[in-house]
Amino acid sequence: MGLGIKGYLPMTPRNAGLASVQMVDRILVPNAFDVQTQEVVVAFREPIPLDVQLDFVSLRMWNLKRTSGYGSGHFRWDGSPGEMAISPMRTRLSDDRLRLVMDVPLLFRADMAVLHLQVVEPSGDRYPLELYTRPVHLKAGVPTTLGPEYSSTPQDLKPGNAALGKQALARLNCVGCHSLDGERSVGPPLNGIAARSPKPLREFLRDSIMKPNKVVTQGYPAAMPSYEGVVTPQELEHLITYLEGLK
Ligand code: HEC
């Protein structure tokens, strides 16, 4: 039992309601997630109970690129693929326990922000609380630090490892659209892909994941999102090695 909120909260002009809220147990409903240039605020309908703790896990922001293709990769402020991981300098709860305030000097523009918190119950149980927003009012400005994990150069990369590739496939929820047992889904089944795909195989797989609109598999819609900036270069190596070995 616990609480899990995954919501989409449009920020125009101030805030609106959560589009989708799933909740069990405690009433801990955020009614605003606001990203300003100096602080990020989550406001709750009811005060956070004294025995409940809210832990900061991560704040990620990225820009999107609009193309004629489906979906967009994630891009940093310098245009390179990736996301910005932002660490607040300070996190505090207002005296009335209605607002969680994170001090973050945000000097840039972002199309998307995802805040991940953890609710710690008195029993010690932890539940994720994930909030999404489009901070459309942030002005363009100076980028701060870049997340290191997307900026590795090819010579830093270790050879692909199939077991880690399998984990990446799960983490990225590729299986939401692809079966591994030959069943047709939104996308083609991934088993046997090595045998049926054009060569050089690694290049084909890399393009399939990063630039899915380059070659659209016959008989399927162009409904595969680009994973540019979503998958790290190292994870991509692992994924490709895993896919290569799928019988
Ligand atoms: C929202 C659904 C969706 C998700 C999520 C998705 N794909 Fe796809 N994928 C598709 C569709 C639809 C196609 C066929 C159209 C195309 O080629 O773009 C496809 C095509 C592919 C192909 C080429 C298949 C072939 O037989 O030629 C590969 C490889 C692939 N996806 C890998 C992945 C991987 C790896 C992930 C996770 C990182 C992933 N996909 C996530 C929908 C999805």
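## Close-up views of the predicted model

View 1. Residues are numbered from 1 along each chain as its sequence is written. The model is predicted: local features need pLDDT of at least 70, side-chain atom pairs count only at pLDDT 80 or more, and totals for chains, interfaces and linings use all residues. Strand β7 covers residues 99–103 and runs antiparallel to β6, to which four bridges join it. Strands (E, at least two residues) and helices (H or I, at least four) are DSSP runs numbered from the N terminus, and two strands pair if DSSP finds at least two bridges between them.

**View 2. An open sheet is built from four strands.** Their order is β2-β3-β7-β6, with antiparallel pairing. At the edges lie β2 (30–35) and β6 (90–93), each of which pairs on one side only. On average, neighbouring strands of this sheet are turned by 10° against each other, direction ignored. The angle runs from 0 to 180 degrees between N-to-C directions, with axes as lines fitted to C-alpha atoms, for helices over the stretch in contact. Strands of a sheet pair through backbone hydrogen bonds, either parallel or antiparallel.

**View 3. Strand β3 pairs with β2 and with β7.** Five bridges connect β2 and β3 in the antiparallel sense, and the two strands form a hairpin with three residues between them. Val35 has Val40 in β3 as its bridge partner. Five bridges also link β3 and β7, again antiparallel; here Glu39 has Asp103 in β7 as its bridge partner. Which residues of β3 (39–44) lie on the covered face, and which on the uncovered one? Val40, Val42 and Phe44 form the covered face, whereas Glu39, Val41 and Ala43 form the uncovered face.

**View 4. The loop between β6 and β7 contains Asp96 and Arg97.** Phi of Arg97 is near 60°, a positive value in a residue other than glycine. Arg97 counts as partly exposed because 15 C-beta neighbours lie inside 10 Å. Asp96 is exposed, with 9 other C-beta atoms within 10 Å. The cut-offs are 20 or more other C-beta atoms within 10 Å of a residue's own for buried, 12 or fewer for exposed, and partly exposed in between, with C-beta atoms placed from the backbone. Asp96 and Ile48 are 48 residues apart in sequence, and their C-alpha atoms are 8.6 Å apart in space.

**View 5. Helix α1 has buried residues and exposed ones on the other side.** In α1 (residues 162–171), the buried residues are Gly165, Ala168 and Leu169. Seen down the axis of α1, they fall within an arc of 105°, so they line one face of the helix. The arc is that of the directions from the helix axis to the C-beta atoms. Ala163, Ala170 and Arg171 are exposed on the other side of α1. The buried residues of α1 pack against α4 (233–244); a contact means that the C-beta atoms of two residues, placed from the backbone, lie within 7 Å.

**View 6. Two backbone features occur at Asn173 and Pro200.** Asn173 is exposed, with 9 other C-beta atoms within 10 Å. Is the peptide bond that joins Lys199 and Pro200 cis or trans? The bond is cis, and omega is about 0°. Pro200 is found in the loop between α2 (193–196) and α3. Most residues other than glycine have a negative phi, and most peptide bonds are trans.

**View 7. The ligand is surrounded by 25 residues.** Cys174, Cys177, Gly187, Tyr220 and Met224 are the closest. The shell divides into 18 nonpolar residues, seven polar and no charged. Ala, Val, Leu, Ile, Met, Phe, Trp, Tyr, Cys and Pro count as nonpolar, Asp, Glu, Lys and Arg as charged, and the others, Gly among them, as polar.

Key
A residue is near a molecule or strand if its C-beta atom, placed from the backbone, lies within 6 Å of it.
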